[in-house]
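The entries follow the order in which I checked things.

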Amino acid sequence: MKLTVILLALVLQVFSLENGLMRTPPMGWLAWERYRCNINCEEDPDNCINERLFMDMADRLANDGWRDLGYNYINIDDCWMAPNRDEDGRLMADPKRFPSGIKALADYVHSLGLKLGIYEDMGNKTCMGYPGTTVDDVVLDAETFASWEVDMLKLDGCYSSAIDRAQGYPGMADALNATGRPIAYSCSWPAYDGGLPPLVNYTLLTEICNLWRNYDDIEDSWQSVLSIVDWYTKNQDILQPVAGPGHWNDPDMLLIGNFGLSFEQAKAQMALWTILAAPLFMSTDLRTISPQNVDILQNKLMIKINQDPLGIQGRRVLKTKHEIEVFVRPLSNNTSAIVFFSRRTDMPYRYKTTLGSLNFTDSASYEVQDVYTGNIISGLTPDTRFTVIINPSGVVMWYLYPIPDLAEKQLPEL
Ligand code: GLA
């Protein structure tokens, strides 16, 4: 009886985030994929989870052009905490590795025009065993994060039950709202419930979370990228409609700049994440990243497409028997992005098609710009047969815009 009343009260409560944040997919840097839970600062001082790492990366974001292109979040992941809460039950940063504390780090990050993200887990402990938050802790923890002037929270779901999550994720949304500080909210809730309805309620998620992880962790390999793309594509009828301004599917971090992807694969991950309207969180060493990888991540047209204000997630529109797939994302002002993606492992493939067969049928003439080479191709009609040469495990990406009919342009003014 008591349980029924509690559950009913939860269902009736109107949860809503309404923080107005992330009208376009967030961009920035997140520690986890590259730096994991490396707390060995004695032997590996430059690559361990400590305040210096975040200050170094913040410096790079601010000084190497990233911030000005939109990469403005610098986000802490697991392993920042002390092993226990303080005597008042508050979360504490590890005193050795974060001697100045999170508030000081937030001040530093803000002084560079950046935002700070932090990590917690809606369970008994974080995935790496640090203090978690429970339904009873969420108010205090949200207040703590707000008092530190944190700008984003990733709330993981290790060591939680389905009931903990069903109460805790909406509870934290309310608690964040109640602080009065705009704190973007990344929920790993769906990833812990299989990522799909009926266990996952995407209507609720779009109301309480700014982004959500719904599938496995990315690892530093092409295989991992492919498995994420496969899952997103297989479930695109469910996932595509739920993304939009303020609420995004998160296929996890970009691997670009690390060890597992070839140059072509790195370009492919960037293009595919952009077509999916995905958050762009790098997780790489910005102190040593190569110019080639910087070029991929700082491609202005790519970022413009990723950040398109309509915020429509793209879809795979076709797959050929020759292992070519085509993805299309509708953009504002009647423009679109197209990704031609090859899963082949032999040689550059000459893919022949027409815009008409990719559902571009309603205008006389289109112009396209290749997002990576900058080359422009004009005068494509829906029936023009063209060839794109796609490298193995690579992409060709186009930005496409209709050219108004010449006849229309020459109409005399009345
Ligand atoms: C989970 C998350 C990862 C990362 C780790 C940290 O696996 O999915 O993104 O946050 O926990 O322990």
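Entry 1, the model. I noted before anything else that this is a predicted model.

I looked up the domain assignment and found domain 1 (2-306) and domain 2 (315-408). For the contact between them I listed 25 residues from domain 1 and 21 residues from domain 2. I then took the centres of domain 1 and domain 2 over C-alpha atoms, and they are separated by 33 Å.

I wanted an area, because the size of an interface is often given as the accessible area lost when the parts come together. Between domain 1 and domain 2 about 2,100 Å² is buried, and carbon and sulfur atoms carry 63% of it. I also searched this interface for salt bridges, and the rule finds 2 across it. As a separate look-up, I found a salt bridge between the side chains of R343 and D230, with 2.5 Å from N to O.

Which residues have the most contacts inside the largest nonpolar core? I read off W29, F54, Y71, W80, I102, Y185 and W273, in a core of 116 residues. I checked its domains too: at least three residues of this core come from each of domain 1 and domain 2. Another core, of 19 residues, lies apart from it, and includes F340, L358, Y366 and L400.

I picked F54 and set aside its neighbours within four places in sequence. The contacts of F54 are then W29, A31, I49, I74, N75, I76, F98 and L105.

I checked the length of α11 (residues 263-275) against the rule of 1.5 Å a residue. Its 13 residues should span 18 Å, and the end C-alpha atoms are 19 Å apart, so the two agree. I then looked at burial and found 12 of the 13 residues of α11 buried. Among them are W273, M270, L272 and I275, and also E264 and K267. After α11 comes A277, and its phi is positive, near 55 degrees.

Is M347 buried or exposed? I placed it in the loop between β11 (336-342) and β12 (349-353). The relative accessibility of M347 is 53%, and exposed means over 50%, so M347 counts as exposed. Beyond four places in sequence, M347 is in contact with I390 and P392. I also compared M347 with P291: they are 56 residues apart in sequence, and their C-alpha atoms are 25 Å apart in space.

Key
Residues numbered from 1 in each chain as written. Predicted model: local features only at pLDDT ≥ 70, side-chain atom pairs only at ≥ 80, totals over all residues. Heavy atoms only, no water. Helix = DSSP H or I, 4+ residues; strand = E, 2+ residues; numbered from the N terminus. Expected span 1.5 Å × (residues − 1). Buried < 20%, exposed > 50% of the residue type's maximum accessible area, 1.4 Å probe, protein only. Core = buried A, V, L, I, M, F, W, Y, C linked by side-chain atoms within 4.5 Å. Domains from an automatic or database assignment. Contact = heavy atoms within 4.5 Å. Buried area = accessible area lost by both parts, 1.4 Å probe. Salt bridge = Lys/Arg side-chain N within 4 Å of Asp/Glu carboxyl O.
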